[in-house]
Amino acid sequence: LVRYDTSVLEGRRRRSGTTDMMDNNNKSTTIACFNTSSNLYSGLDSGLLRNPNTNIRRVNIWDEIGRLDGYAHCRRLPPSSVGQQEQEDVGDEFTYLLAHGGMKRGGRLWADYNYMQRQRGKAKQNTTIDNRTITIHPEHLPVERTINTILRPSEAIRNAIQSAIQSSTTAIGVAHKDQQQQLRSPSKVLALHPRIEHDMLHHRCGRFMEQNLTKIFDHLRGECSHNVELLFLAVNIELVMTEPGSSLGSDLRELALENAIVLNRTRTYGMFGNESSVGIPMFESGSRTAENILFPEEQPTDYSKAGTTPRLVSSKSLGITDLVASIVNFFTIIEADRFVGVKGSSFSTDLFSVRYYMGKRGNYILGPEGVEELVGPPPSHSCN
């Protein structure tokens, strides 16, 4: 989508009393500020950004670009209001880079995307279908439709997803022998993204969501769970099962504890099940699958070595288990026959979009008022 051209995006500036860097051929040397192999900005501390304790969304990208030795020229020029001395401290070279990505103050990409979604939100209309009032949302822009249509995980992740589904089906069949024959090849899989982790219980977007897992399952009784044989639950089990923190009020702490009990019971007896009656079997993937996926340690930057086999390492050793787990959950839901996502969740909204433009129907949006089947494109990517 973007062609990186150093002749346009990078340059040099001379200052009195300084000596330009020279290479062996006595030519000015410019280190590329954007790595076209990894699609990442150069001069970023990968040790910091891949640390599992680093919250990427709280890291200011402008404080990180050009921090490492040899990449000082990648720092963005300060605003014109900054003093001349501070401008000269940036380095002997400059770049016109504008950061795009998920980091704090990450630049224009997220702002542009939010603007597009706000415009979509303003254009929604209500219509009546079968004596029901339905909200029809406008189509996405062509570039969004294209991206949503062609999204595919890597082969390693794709194989891991299929393996997880098959192994979960087999394990559930063994546990419930009376259903074993049916579960060898399930005809209907319902995916649910409830978003009941503790951080969302007091998040501003939580007001659009049903946060009580018992009520969520009650809402699923009926059309969306009819003839379903497997339930895939896209949730961070550890964050739901952990002891609620002090940041939650007493009511939310009680809710978090109740959700953990209900989730644990569902893992044992299935959705709608209990000690005397087996419900719809549940399986999960996420982190457990992600930890077993191997990735190349690094991509070759020397084209003469492009044919060599890179060493494979785990997602855990790369510090990206949570990210890979989200990708696993995302594309497992794409494969599901039906999907119930929550109103106000960016993860659910993206899934609605991808499934819609891939021709996957059976999409339901869940809120405090209940479950509603989506007709047409999904709502805008916002909880405002």
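Predicted model: local features only at pLDDT ≥ 70, side-chain atom pairs only at ≥ 80, totals over all residues.

Colleague: Which residue does the side chain of Arg-195 meet in a salt bridge, at 3.0 Å from N to O?

Modeller: The cut-off for a salt bridge is 4 Å between a side-chain nitrogen of Lys or Arg and a carboxyl oxygen of Asp or Glu. At 3.0 Å, N to O, the side chain meeting Arg-195 is that of Asp-199.

Colleague: And which residue is linked with Arg-195 and Asp-199 in a network of salt bridges?

Modeller: The structure holds 5 salt bridges. In the network, Arg-195 and Asp-199 are joined by Glu-197.

Colleague: How many residues apart are Arg-253 and Glu-243?

Modeller: Arg-253 and Glu-243 form a salt bridge, with their closest N and O atoms 3.8 Å apart. The pair links distant parts of the chain: Arg-253 is in helix 12, Glu-243 is in the loop between helix 11 and helix 12, and the separation is 10 residues.

Colleague: Now Glu-210: what is the nearest side chain of opposite charge?

Modeller: Glu-210 sits in the loop between helix 9 and helix 10. Glu-210 is buried and has no salt bridge. The nearest oppositely charged side chain is 5.0 Å away, and it belongs to Lys-215.

Colleague: Which backbone nitrogen does the side chain of Glu-210 reach?

Modeller: Beyond its neighbours within four places in sequence, Glu-210 is in contact with residues including Pro-194, His-219 and Pro-368. As for the backbone nitrogen, the Glu-210 side chain reaches one at 3.1 Å, that of Asn-212.

Colleague: On to the strands: which residue in strand 6 stands opposite Thr-128?

Modeller: Strand 5 and strand 6 pair in the antiparallel sense, over 5 bridges. Facing Thr-128 across the pairing is Thr-133.

Colleague: What is the phi of Asp-130, in the turn of that hairpin?

Modeller: The hairpin is formed by strand 5 and strand 6, with 2 residues between them. Asp-130 has a positive phi, about 55°.

Colleague: Last one: how many residues of strand 5 are buried?

Modeller: Strand 5 covers residues 125-129 and is hardly covered. Among its 5 residues, the buried count is 0.

Methods. Residues numbered from 1 in each chain as written. Heavy atoms only, no water. Helix = DSSP H or I, 4+ residues; strand = E, 2+ residues; numbered from the N terminus. Buried < 20%, exposed > 50% of the residue type's maximum accessible area, 1.4 Å probe, protein only. Lys, Arg positive; Asp, Glu negative; His and termini not counted. Polar contact = N/O pair within 3.5 Å; in protein donor to acceptor, adjacent residues only side chain to side chain. Contact = heavy atoms within 4.5 Å. Pairing = 2+ DSSP bridges.
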